[in-house]
Every structure is written in structure tokens, then in C-alpha cells.
Amino acid sequence: MLCFLSSLSDNAYSLVAEVMKKLVAIAPSHCHLFISELADAVQNLIRSAKVELKLFGEAVKSLLSTTSSDGAAILRVLQALSSLVTSITEKEKDLQLLPETERSSALSQVWDINTALEPLWIELSICISKIESYSDSAPDLLAPSSTSTSRQSGLTPPLPAGTQNILPYIESFFVMCEKLHPAQPGSVNDFGMAALSDVEDAGTPSAGQQKNASSVSKFDEKHVAFVKFSEKHRKLLNSFIRQNPGLLEKSFSLMLKVPRFVDFDNKRAHFRSKIKHQQHDHHHSPLRISVRRAYILEDSYNQLRLRSTQDLKGRLTVHFQGEEGIDAGGLTREWYQLLSRVIFDKGALLFTTVGNESTFQPNPNSVYQTEHLSYFKFVGRVVGKALFDGQLLDVHFTRSFYKHILGAKVTYHDIEAIDPDYFRNLKWMLENDISDVLHLTFSIDADEEKLILYERTQVTDYELIPGGRNIKVTEENKHQYVDLIAEHRLTTAIRPQINAFLEGFNELIPRELISIFNDKELELLISGLPEIDMDDMRANTEYSGFSAASPVIQWFWEVVQGFSKEDKARLLQFVTGTSKVPLEGFSALQGISGSQKFQIHKAYGSPDHLPSAHT
């Protein structure tokens with residue numbers, strides 16, 4: 001097994017691991033011999049690796065002059081080991097190729113390796129903390145690029161020199177957590193979302209969770225180790241991802257199981273990468289539509305509703321009937337803007353405003369719109385297509401509707417944005433003893449149901465649970481009552497509309513891909529930045545016939561700086577074709593052939609000519 005300690009290339013290491021895996025498939029009884037050799041190799045490496053990490057931690061400058069070999073060697077051994085463990089658990093589960101005693105002996109060695117590696121992970125955490133402390137003196141080294149300067153250059157600030165030397169150690173830790181954690185037989189790879197969600201919720205366990213708290217196993221402890229490590233060192237981990245986005249699809253993929261540890265810009269880059277792969281892996285014919293402005297909803301609906309999912313992934317070009325123009329991006333942006341205005345207009349009966357009249361959710365009374373569920377599927381396709389194409393929509397949904405798109409559970413807290421007074425009443429119920437104070441049952445009377453359904457005339461009492469009219473709300477069951485009320489108000493009353501929307505949306509955007517975002521991040525992804533940063537716009541402007549110091553340009557920016565928020569949006573609409581700013585800022589404005597900065601050209605000719613704009 002000394003080959004793993006020599007200076008072989010990555011391809012050579014991968015080849016050796018693949019050969020071992022095939023040998024085990026042919027002669028599974030010899031698997032424990034390979035595992036034993038790999039275990040010895042890890043044990044021999046641990047001591048020197050701890051010394052190396054200690055050296056990095058005590059003198060961070062040593063990172064500059066060191067080329068780590070121990071971290072890479074441990075990573076390769078653990079990767080080979082994980083491949084063998086996966087192989088024997090799958091084989092044992094399907095074909096019973098290994099006797100129980102041999103399998104238990106082989107896995108026991110793996111768990112011993114976990115124990116032996118614990119001090120190394122402690123040393124790794126200490127080392128990273130010192131590197132982060134060192135970087136705090138120059139915070140831009142590890143912080144996301146958010147200033148106008150970094151936006152303008154388009155470059156990501158580099159990691160501290162030499163930091164790449166500890167990357168193999170971090171990757172090794174993730175391999176151990178994902179593939180080599182102690183688990184029940186047959187569940188070595190079962191590092192799923194459910195288990196991680198339990199860890200995330202461990203801070204405030206429910207009564208049911210508390211009952212099982214005493215039986216925490218090593219399996220759970222390894223999940224906790226991963227969560228604690230990722231939370232403590234998320235700054236450096238995200239800097240690695242920012243420098244090399246491919247890590248999220250490889251050795252750092254485990255972080256996507258607990259996406260709250262991944263910064264939004266890294267999630268967005270991962271999302272766009274996945275979408276780009278879909279676009280490149282399959283040839284999609286152009287998607288051309290021709291619409292009348294006065295009937296933009298009907299024409300768009302009729303032309304897109306029968307298109308296949310693959311058709312919808314083609315490049316969209318829009319023609320407005322009766323108008324000349326080539327769609328270089330501006331017409332498509334205008335189509336999205338005009339269509340969204342009609343879709344969310346009250347007259348369409350599809351969506352209704354709630355709370356402060358600026359957020360939308362499906363209208364429970366949309367049934368009065370002909371083919372209303374088909375229209376909701378169409379709207380889901382439009383929103384999904386906008387995300388697929390990187391277009392921004394001038395619309396904001398309720399927090400609960402974003403959660404429905406993500407597949408996240410709604411809670412009574414989400415009622416606050418819809419009905420603040422009702423939310424306060426529910427909150428008071430939960431925080432006070434309601435014995436002999438409130439006289440409620442697990443039902444909603446017709447008058448209240450009418451309000452929930454926005455004054456629908458024909459409504460009846462609604463039972464939250466079977467026989468709810470006869471079940472009183474007590475101090476003991478009030479939490480269940482509040483949960484059911486929230487579920488009804490935010491979900492049940494509009495469930496058909498939600499399902500139809502998601503059917504269309506998930507045709508283009510898979511649930512597992514969009515679910516890495518939270519509700520606030522999804523709003524940014526769909527609608528862009530809420531504020532227009534004119535300093536960023538100025539820093540990302542190019543001039544032709546002028547310079548930044550030209551008097552006319554100086555006057556222009558002085559006037560613009562005094563604009564109201566609405567006037568800035570109108571200016572942006574006039575000169576770019578959209579009133580929304582990309583999340584990356586003005587450096588990411590799109591033209592016909594990709595990124596295109598805002599440009600101001602000098603108009604030669606008569607001084608009487610008015611300014612003009614091309615989108």
C-alpha cells in the first residue's frame with residue numbers, strides 16, 4: 001500500500017483505487033485485507049499530518065513555502081477506503097457476498113480510523129481559526145466581492161497565499177463525514193437531508209425529539225461534527241468555493257445538504273452552472289413567439305402552453321405584432337415585464353395582493369377565471385423560464401408562497417405578512433394560558449372563512465380536523481390548532497393553484513436545485529436587487545466621445561443622483577430595457593452577446609436632437 005504514499009499522479013491514484021474495487025467485486029472475501037492496509041496507511045500518516053497542521057497554525061507564513069503532501073495522501077487513502085466501504089455495503093445488502101463476521105470486522109476497522117482521525121480534525125479546526133484570524137487583519141481576503149471596485153473588475157479577491165495547502169485536509173474531513181461515518185448496517189451513504197435537518201433543529205427540539213435525545217449515536221455525532229465544522233469555518237469554506245466553484249459539485253457537495261452554510265453568491269453560481277449544463281448538454285431549438293401588446297397574456301398563453309419542456313429551454317425571441325424590431329434582448333425583457341404586469345393585475349383574477357399591497361399570492365377565487373389551473377401552470381412556466389434565462393421579474397410574492405416553491409414548511413409566523421392582527425392573536429394564544437379565556441373549536445366559521453377566501457359569497461364552516469366543530473381548543477392542543485390554522489390559511493385554501501404553478505415551474509427548475517435557497521434568497525433570484533446603486537452604475541459606465549470628466553457627463557450624474565427611487569427605475573427602464581438590477585450589480589447587465597456595460601455615446605449632428613436609447 002506504499003503506492004498511496006508516493007508521488008503518483010491523481011489519475012494513478014484513481015486507477016489503483018478502481019483496481020482494488022474490481023478485485024473486491026471478484027473476491028469479496030479479501031476486502032478486509034485491503035481495508036486493513038488502507039487503515040495502516042492512514043494511521044502512519046496521521047502523526048506527520050498533525051505536525052504539519054500545527055506548523056501551519058503556529059506560523060501561517062509557513063503556508064507560503066510548504067507544498068503539502070500529507071493532506072493529499074490522506075485524502076486519496078480515505079477516498080479509496082470510502083469506495084471499498086460503499087462497495088461492500090452495497091454488495092452485502094444486495095447479494096450477501098460477505099459473511100457477517102468478515103463484514104463486521106472490516107467495518108470495525110473503519111470506525112477505528114474515525115476515532116484515530118479525531119485529533120487531526122481538532123488540529124485542522126485550530127489551524128483554520130488561526131488562518132481566519134490572520135485574514136481578519138485584511139478582511140477583503142476572505143470576504144465576498146461586494147464593492148464597486150470588485151464588481152467593476154469582475155475578479156474575486158484571492159485567498160491568502162498558501163491556503164490551498166489545507167484544502168486536502170478539509171476534503172478528507174468531508175469524505176469521512178459523508179462516506180465513512182459510523183452508521184447502521186447498509187446506511188453508510190445515507191447522509192440525507194432528513195438527518196441533517198434533525199441536526200439543524202437540535203437547538204429547539206420538539207417534545208417528540210426530546211424523547212429520542214438520550215439515544216444519540218456516533219452516527220448522529222458525525223453529523224453534528226460536520227455541522228459544527230461548517231458553521232465555524234463557513235467564511236474560509238465559502239472562500240474556497242468562490243475561488244473554485246466546482247468544489248460544490250465534488251468534494252464540498254455535502255454542504256449543499258445544509259445550504260445555510262453556503263453564501264448566496266456561491267449558491268447562485270452553482271445554480272447558474274447547473275442551468276448552463278442543461279443548455280449545453282442538449283441542443284434546444286429557438287423558442288419564437290409573436291404577440292399582440294393588447295392581448296399579451298392570451299397570445300403568450302396560447303403559444304406556450306402546448307410547448308414541450310425541451311422547447312421551453314430554447315432561446316426565447318419575441319416579436320410584437322405590427323412593430324419592426326430585432327430582439328437583441330430588449331424585446332424579451334420588455335415581454336417579461338409587460339406579461340408580469342398583466343398576470344398580476346387584479347383583473348386577471350389569478351393573484352391577489354396582501355399585507356402592504358405589494359406582495360402577491362394565488363387568489364382563492366381564481367376559479368372564476370376560465371381554465372384557471374391551466375393559467376397557473378403557465379405562470380409557473382413563465383417564472384421558471386425567467387429563472388432559466390437569468391431574467392428578472394418585477395414582482396414579489398408572499399413569504400409563504402416562496403416557501404411553497406422551495407418545498408419548505410410554512411409556519412404561523414408567515415401569516416404576519418398577510419394579516420398582522422391575526423398573527424398577533426395567534427402569538428398571544430401561544431404565549432399565554434388560554435384556559436377558560438378563549439372558547440374556540442378546531443373549525444373556522446363561515447364569516448371568518450369568507451375573509452380567508454376574499455369575500456367569496458358561498459362558503460360554509462370549515463373543519464380543521466374531522467369532527468373539529470366538536471373539539472375544543474385547550475392549553476394542551478393549542479399548538480396543533482395554530483399549526484392547522486396556518487396550514488389552512490397559507491396552503492389548503494389555495495392548494496390547487498399552488499400545485500398547478502409548481503407543475504409548470506418544476507418543468508424548467510427542478511425542486512432539488514431550487515431548494516438550496518431560502519425564501520429571501522429566492523426573492524432576490526427572481527426579482528433582483530431592491531435598490532438601484534447609482535454609484536455602481538457610474539463605476540460600470542463606458543463612454544464614447546466623452547470621458548468621465550466631460551462637463552456633460554458630470555452634469556448627467558449630478559442630476560441622476562438627485563432622482564427619487566421611482567425616477568431611477570424609469571431611467572433604468574429607458575436605457576437598459578429593464579427596471580431591475582442584476583444581483584451582481586451593473587457589471588452584469590446583459591447585451592446580445594453577453595455582459596454589456598451601460599454606455600453613453602456622444603450624438604453628433606444637430607444640437608436640437610433629443611437623447612435616444614437602445615436596449
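Buried here means under 20% relative accessible area, exposed means over 50%, and partly exposed lies in between (1.4 Å probe, protein chains only). This is a predicted model, in which local features need pLDDT of at least 70 and side-chain atom pairs count only at pLDDT 80 or more, while totals for chains, interfaces and linings use all residues. Residues are numbered from 1 along each chain as its sequence is written, and side-chain values use heavy atoms, with hydrogens and water left out.

Select Asp 414 and Lys 403 to begin: both are buried, and their side chains meet in a salt bridge at 3.0 Å, N to O. The pair links distant parts of the chain, 11 residues apart, with Asp 414 in the loop between helix H17 (399-406) and helix H18 (420-431) and Lys 403 in helix H17. A salt bridge is a side-chain nitrogen of Lys or Arg within 4 Å of a carboxyl oxygen of Asp or Glu, and helices are DSSP runs (H or I, at least four residues) numbered from the N terminus, as are strands (E, at least two). The structure holds 20 salt bridges.

Next, select helix H16 (residues 372-389), where Lys 385 and Asp 389 lie four residues apart, about one turn of the helix. Their closest N and O atoms are 3.2 Å apart in a salt bridge; Lys 385 is buried, with a relative accessible area of 5%, whereas Asp 389 is partly exposed at 27%.

Move on to Lys 478 and Glu 475, whose side chains meet in a salt bridge (2.9 Å, N to O). Lys 478 is buried at a relative accessible area of 2%, while Glu 475 is partly exposed at 25%. Extending the selection to helix H20 (residues 478-490) shows 13 residues, and the buried ones include Tyr 481, Val 482, Ile 485 and Leu 490.

For a network of salt bridges, select Arg 234, Arg 242, Asp 263 and Asp 265, which are linked in one.

Note on methods:
Expected span 1.5 Å × (residues − 1).
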